[in-house]
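This report looks at one helix and at the nonpolar cores of a protein chain. Please look through the sequence and the model before reading on.

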Amino acid sequence: MKKTQWWRGGVIYQIYPRSFKDSNGDGIGDLPGITEKVGYLKSLNVDAIWISPFFKSPMKDFGYDVADYCDVDPLFGTLADFDALLAEVHRHDLKLIIDQVLSHSSDLHPWFVESRSSRDNPKADWYVWADPNPDGTPPTNWLSVFGGSAWQWDSRRRQFYMHNFLASQPDLNFHHPEVQQALLDAVEFWLKRGVDGFRFDACNYHFHDKKLRNNPPAEHADHTNVSDVNPYGMQSHRYDKSRPQNLLFLQRLRKLLDRYGACSMGEIGDDDSLGRLAEYTGGDDKLNQAYSFTLLTEDFSASFIEEQVSHMERAFHRYQVPGWVCWSIGNHDVPRVLTRWGKDTQDPACPKLLTALATTLRGSACLYQGDELGLPEADIPYELLQDPYGKAFWPDFKGRDGCRTPMPWHKDAPAGGFTNGQPWLPVPAAHLARAADTQETPSDSILNFVRAFLAWRRGQPTLILGEIEFVRAPEPLLIQIRTLGNQRLCGMFNLSGAPQRWSLPKQLQGAQPLAGHGLSGASIDGKVLQFAPWGGGFWTL
């Protein structure tokens, strides 16, 4: 792989900084806490670290509401702490990716404070403002992802402003050239400090339809990007996001990043997320890669995974220079994968298999903090809930706190060694039982499997860059073939907790087992493939 394309096929570890490691006892994780654990991160054999927002913010959406794009919130430390973290990451030969939330800011950002003060101030048009309909209703039928209308009335300007998320997260007006330049300047601020790349949050939400046309109803309700209790999925989001002008802005952004040798990963949630992902990465002049939501759903079957990956490949092939995807099966917005897909099984083979599968699909991969320990979803009672999204849709949707609880570092330490104060969310007993220190010594622990598997994967370029195809097999078996030059590797996975047998088709007969990957529970006896529960393995063809 070219040095400048380290991200292509890389494994990126996502840190939710509030919950990773607290260094000062206030119960909230911080940048010095991450610095303290860089050695642990290096031991995982990942290629890069992605840190969710740590910028100055009122924390209405826990950092995704930015009040200053060029400073660290005191909760997380200082700019000097960031520089120290970056230096430590680079000392360990890792890359650092930071989150940037460009589509919207906090309502406490000085830009918005000025914009809402009048209709004729210098930043009056830096946000999306519109007059009400004659009957006083909002100007369009657009909905907020977090519930209700995407328009909030402001009594000072006597206009509505647009917010795709919380009302305290007003949308910036990307049709204004000064807004685009100000945001590019904010990106360059971090490039000059030496970051290796960015994960751009909600990067298809930048532009809106200037004619303010209503969205039509969806032909089929979308439950990929929002839960089925959220009416947001009932619209076809034709006019409130993913507008064609966004491609030109992404090209400007790419040129800036290329000057510094930095990479980009865009978060894309849309009615056709995979098609949009291919559009935003195809052609080698926009995003380097994009982050897919399609494996972050409740759907879990071999046919579902095969269809998502195949759909992605078909979408890529429409472009002369195909794009690149970053797959993830866990993050800070969805229930933990052990609960969502594994149904909280106690069998350690399940999280091992899921990690191996997710990191050997064609593309890059994100590993969410705690998944290397096999953590299940935490059950947070309403009185301890912090997430505004969960509060809005409780009890049918309990929000995102269950996957955001603090990392358990030491089984017998208060708060699992995350903090010596009161943690912002509780640390469940089930997590303490799987704390990192309990998994350091056993060679067969989930943690040590992840370390060994990612080290083995690094030496398998066919699994990193090779083409992918699937072999038809009955549920719950997923069979993939990866090809690079003359080498062909086959990965076979039993996506269930029950043993399975399958008569191999001719194209797989004669497969020779590969050693060193650490998966178990799959063997070929003559022409029959036998699986233990959650068994898997790799073979050469």
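Which residues of helix α6 are buried?

## Basis

The model is predicted, so local features need pLDDT of at least 70 and side-chain atom pairs count only at pLDDT 80 or more, while totals for chains, interfaces and linings use all residues. Residues are numbered from 1 along each chain as its sequence is written, and side-chain values use heavy atoms, with hydrogens and water left out.

## Helix α6

Helix α6 spans residues 245-260, and its buried residues are Asn 246, Phe 249, Leu 250, Leu 253, Arg 254, Leu 256 and Leu 257. Buried means under 20% relative accessible area, exposed over 50%, and partly exposed in between (1.4 Å probe, protein chains only). Helices (H or I, at least four residues) and strands (E, at least two) are DSSP runs, numbered from the N terminus.

The buried residues of α6 pack against α5 (177-193), β9 (197-200), β10 (263-267) and α7 (273-281); contact means heavy atoms within 4.5 Å. Leu 248, Lys 255 and Arg 259 are exposed on the other side of α6. Just after the helix, Gly 261 has a positive phi of about 70°.

## Nonpolar cores

A nonpolar core is a set of buried Ala, Val, Leu, Ile, Met, Phe, Trp, Tyr and Cys residues joined through side-chain atoms within 4.5 Å. The largest has 117 residues, of which Tyr 13, Tyr 40, Leu 41, Phe 54 and Phe 82 touch the most other members. Helix α5 gives the largest share of this core, eight residues. Another core, of 15 residues, lies apart from it and includes Trp 7, Ile 97, Met 265 and Leu 296.
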